[in-house]
Amino acid sequence: MKRMPLAVLCAATLALAACSSSKPDEEKGSAADNGPAASSQASVDKASKNYNIQFVQGVQGDEFYITMQCGIEAEAKKLGVTVKTQGPTKFDPTLQKPIVDSVVTSKPDALLVAPTDVTAMQGPLNQAKAAGVKVVLVDTTVDDPSVAVSAIASDNIGGGKAAFEAIQKLAPQGGKVLAMGVTPGISTTDQRAKGFEDAVKADSKFTYVGIQYSNNDPATASNLISAALQKDPDIVGVFALNLFSAEGTATGIKQSGKAGKIQVIGFDAGPNQVAALRAGTVQALIAQQPAEIGKFGVDAAVASLDGGSVTPKVQTGFTILTKDNIDGEGANAVYKSKC
Ligand code: T6T
């Protein structure tokens, strides 16, 4: 199999340096409903026809998915295919399922989707596949990813581990650490939590006080952090698992008068997170490569529709942003609010 071009965006600097590059999984795996191996994703320059591709986000208005949409639209334009984007108003499978169902009823050629729950979204995606729609998983996954021709995501376990390594460097004396999560059942954030927890438990200087679930709501995350700090005032570090939990964590830390005293590492890099980084409430951000995820998603859909070979699993990297690189080499990793 030919390799997909590597998307290397390793802008990490400082003592917190850590990054990884996009890498295709070499084995064909089970997500290989690809037809004959005529071409690989890497060699797609132009689609053989103007396919109708639908992108269903995890949630509307999330700069991670907006930036992914920008990558999708740019690649669609380049390859000469049409793409339409929609998403639920909340990161919630009961709201996402009807959107996927109606997209499938409209019989698009391909569906790029970030499923909001590993189990609840399996059925709707099975139905999409049964209806002949090429499914590509972008960001999150489901219990049985073989429903998709390709799954493209960050190294989420590695990202969780990198978050702990950042805390280790910033708080070398050790102490209590907490994870601010989203909702159980989201593949990406569950993996980040696992990567973090496993890494914490491997260092006897640190104690994992557990994970709190903010339900993707900054106000809830803020309240949960305030309560956690009252219970455990000696917490030394917090890992906030996504954009909205990081936003709420920053607010809660500030309101508790602990800004700069607790080491906060946030996943994602929307404008609000970057403002918190600049303000010193958050010490580091782990920026994903959403535009790359989207680009590779379009490549996978088109390669599959054209009967080419498709890389079944692609892992994209991340960049660690700090105050010291945010205005330099890290600037390009910041997510967009519009394309
Ligand atoms: O962190 C991203 C995404 O990777 C995750 O699956 C859900 O939350 C975000 O969209 C950020 O809000």
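**Tour: a helix pair and the ligand site**

Select helix α2 (residues 93–105) and helix α3 (residues 122–130), which pack at an angle of about 5° with axes 10 Å apart; helices are DSSP runs of H or I with at least four residues, numbered from the N terminus, and axes are lines fitted to C-alpha atoms over the stretch in contact, with angles from 0 to 180 degrees between N-to-C directions. The two helices are therefore roughly parallel (under 35 degrees).

The model is predicted: local features need pLDDT of at least 70, side-chain atom pairs count only at pLDDT 80 or more, and totals for chains, interfaces and linings use all residues. Numbering runs from 1 along each chain as its sequence is written, and side-chain values use heavy atoms, without hydrogens and water.

Next, display K97, V100, D101 and V104 of α2, which meet P124, L125, Q127 and A128 of α3 (heavy atoms within 4.5 Å).

Select R192, where a polar side-chain atom lies 2.7 Å from a ligand oxygen atom. For Q288, the corresponding distance to a ligand oxygen atom is 3.0 Å.

Key: Parallel < 35°, antiparallel > 145°, perpendicular 65-115°, else oblique. Polar contact = N/O pair within 3.5 Å; in protein donor to acceptor, adjacent residues only side chain to side chain.
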